[in-house]
Amino acid sequence: MFQSLERQVRTLAAPAYAGADDKATERAEQPAVAAPARLRHERQGSAETSATFRTRANRPAKSSATERQGRDVLQRPELPWTASTPVHFDDTSQAWIVCSYADVESVLLRTGDFSWEVWDRRIDPVFAGMWNADGQRHAALRRLSQRYFQARRVNSMSSIIEDIVNDLVDDILLPGTGEVDVVNQLSNRLGGRLMSAMVGLDFADVPRLITWRRTQQAAINEGRSPAIPEMWSYFEDLIERRRRNPEGGLLDYLIAAQREGYEIEGAPLSDWDLIGSVWTVVTSGLTGANVGYTLVNLATHQLLQQARHEPEVSWGAVNESLRLYPGIPVMRVRARRDIALGGAVIPSGDSVHACISTANMDPGHFPEPERFDVTRNPSRHLSFGRGSHHCLGAQLFSIEVLTAVRVVLERLPNLRLHADKPLKHRYGAMFGTLREAHFQFDTPGPRGTGHAAPAHAVPVGG
């Protein structure tokens, strides 16, 4: 079954290389999707409907010990800074710390003043991707991959994503235990299957790709070199095989662009660039759409049953989970020149840490920011970035997580946090992730018995 789905994904997500689209990046900056109709109606002036929905979705209720434990685990470590902390130099990190929403957004948008190329791309292909690039190099790399993430193509994959999720739920039901770890049995596997199909990788290689991803993130969090020569060899061998025998997918598309003479800043697209481009996409989507955060937050706020019948609750929960738990809490950039920001002057060449996590908690933009509020619409969080570095996969991420949550709630009745198995969460200086989230459920229902969210009901966040 998966082989058939894999072929469908590659067919839908595999445009033939015919020159990169110069307007692709411009289109990516525009919101491609909207809130569910009900929330749009509320925002446009139905005060009575909005108040009624807000009361139901956030009504106080007695929490179980398990739900309270879930909230405790997801409480982030106490940070030394808040959104009101002024721009300042931190001796420990040897960087300027930027915390408020306005200042962080300014850093993200001012690519002429701040450089994103803070790592030497010559030491590791992980740094050869667009995320660690500026100017023409960044534009050329982004333009090359952009066609794979156009809204029309991504939206056309929603039914395939649903089939993959249903297959994964079948696997979850097979042992008959009434238990599931939604991170490792659902989210990671969904991301692994989808990314391997889109990029053109062997699904059997996904576990070691995940291991490499975690190893690299841990190294970056700790300020160590993330170099993994074994990973370089893996991709070098794969590129050579695919040159001889293309199978479809992003990797073959990039190889075709290389063969046709695509250039990056006047130089031919290199194998190092190929690895960097592929790894940027893989590492962003490999562990799925953070389904775990959304389900845990729905559970701890007693909204799972409401979300099953009202898709807009899931829509709001995805946005709030992204706001409260950004995958990259800190964006690292470097000042190109002396820059005045937030009452301070940042010297040219100094490192700057733009704190997404504090910006997303700025009460000036998010009233009662500590509250998990599924009616917070629109939620202009910065977890997907902003401007020319806005996440290419934001649309795909949203479709993944909404589809997974909907199918899980349809097919796993009375879903609830496991009373005896704790959540496991890892916090880091640059990356954070949920590692385990165990749930229990009752007798399952058949496929397709729930309430489907409309295809356009996808959160775009920032």
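**Note on strand pairing and burial**

1. The model is a predicted one.

2. Strand 4 and strand 14 (residues 438-440) run antiparallel and are joined by three bridges. Within this pairing, Glu179 has Gln440 of strand 14 as its bridge partner.

3. A separate point concerns strand 10. Strand 10 covers residues 351-355 and is mostly covered, with five of its five residues buried. What lies on each side of strand 10? Ser351, His353 and Cys355 are on one side, Val352 and Ala354 on the other, and all are buried, so that both faces are covered by the criterion of under 20% relative accessible area.

4. Strand 10 is joined to strand 2 (residues 95-98) by three bridges, and these two strands run parallel. Trp96 stands opposite Val352 of strand 10; Val352 is on the side that also holds Ala354.

5. How many bridges join strand 7 to strand 10? There are five, with strand 7 (residues 330-335) and strand 10 running antiparallel. Val330 stands opposite Cys355 in strand 10, and Cys355 is on the side with Ser351 and His353.

How values were computed: Residues are numbered from 1 along each chain as its sequence is written. This is a predicted model: local features need pLDDT of at least 70, side-chain atom pairs count only at pLDDT 80 or more; totals for chains, interfaces and linings use all residues. Side-chain values use heavy atoms; hydrogens and water are left out. Buried means under 20% relative accessible area, exposed over 50%, partly exposed in between (1.4 Å probe, protein chains only). Helices (H or I, at least four residues) and strands (E, at least two) are DSSP runs, numbered from the N terminus. Two strands pair if DSSP finds at least two bridges between them.
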